[in-house]
Amino acid sequence: MTSFSLRQVRLRSGEQYRDEQEVALEPLELGGQRYIPVPEKVRADFTISRASTGSVFDLRFRGRLHGPCQRCLADAVVEKGISAREYQATSPDSEEMRSPYVEDDRLDLGAWARDALALALPAQILCRPECAGLCPVCGRDLNVEPHEHDEQQADPRWDALAELRDRL
Ligand SMILES: [Zn+2]
Ligand SMILES: [Zn+2]
């Protein structure tokens with residue numbers, strides 16, 4: 001878990017703090033599959049901008065995940081440039097004015113980076129955009145062996161039924 005102590009930075013309104021932070025990313029669970037960040041630690045541009053009413057946090061990094069293709073289960077890689085922003089009011093009146101990643105003057109960079117990356121991911125992680133997936137009939141990889149099944153040949157029992165019907 002990577003966190004940043006906000007006590008170490010004292011800013012007046014209009015001032016900005018900028019630093020590069022090393023953030024440890026956590027594996028993500030998506031659709032029952034596990035996606036591993038490679039590398040696990042990324043360099044992130046981190047900025048705190050102080051406004052009169054609170055602080056704006058900006059985080060930018062490139063995240064890369066390795067895991068199974070959601071169509072054919074082969075290795076897939078997804079890489080995203082992330083740009084995330086959080087706001088924390090100086091004297092928060094409502095929950096909306098607080099960042100969920102700030103607690104006891106610490107900003108949880110690890111959880112924030114993980115969530116920002118998860119939100120940026122495509123609806124389906126694929127090994128390639130045109131992945132053909134697995135055959136729904138026999139389960140073989142359609143990328144390796146493109147094929148179709150003739151319905152009559154798919155199951156010999158249908159032939160038996162057809163024969164029976166002809167005799168009736
Ligand atoms: Zn695939
Ligand atoms: Zn098949």
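Q: Which conventions apply to the numbering and the cut-offs?
A: Residues are numbered from 1 along each chain as its sequence is written, while chains are lettered from A and ligands numbered from 1 in the order in which they are written. In this predicted model local features need pLDDT of at least 70, side-chain atom pairs count only at pLDDT 80 or more, and totals for chains, interfaces and linings use all residues; side-chain values use heavy atoms, without hydrogens and water.

Q: What is the order of the strands in the open sheet?
A: Helices (H or I, at least four residues) and strands (E, at least two) are DSSP runs, numbered from the N terminus, and two strands pair if DSSP finds at least two bridges between them. Here three strands form an open sheet, ordered β1-β9-β8, with antiparallel pairing. β1 (3–5) and β8 (102–103) are the edge strands, each pairing on one side only. Three bridges join β1 to β9 (residues 106–108), and F4 stands opposite L107 in β9.

Q: Which strands does helix α1 touch?
A: Contact means heavy atoms within 4.5 Å. Helix α1 (residues 109–120) packs on the sheet and touches β1 and β9.

Q: Which strand supplies the largest share of the lining of the largest pocket?
A: Nonpolar means Ala, Val, Leu, Ile, Met, Phe, Trp, Tyr, Cys and Pro; charged means Asp, Glu, Lys and Arg; the others, Gly among them, are polar. The largest share, three residues, comes from β6. The lining divides into eight nonpolar, four polar and five charged residues.

Notes
Axes fitted to C-alpha atoms, helices over the stretch in contact; angles between N-to-C directions.
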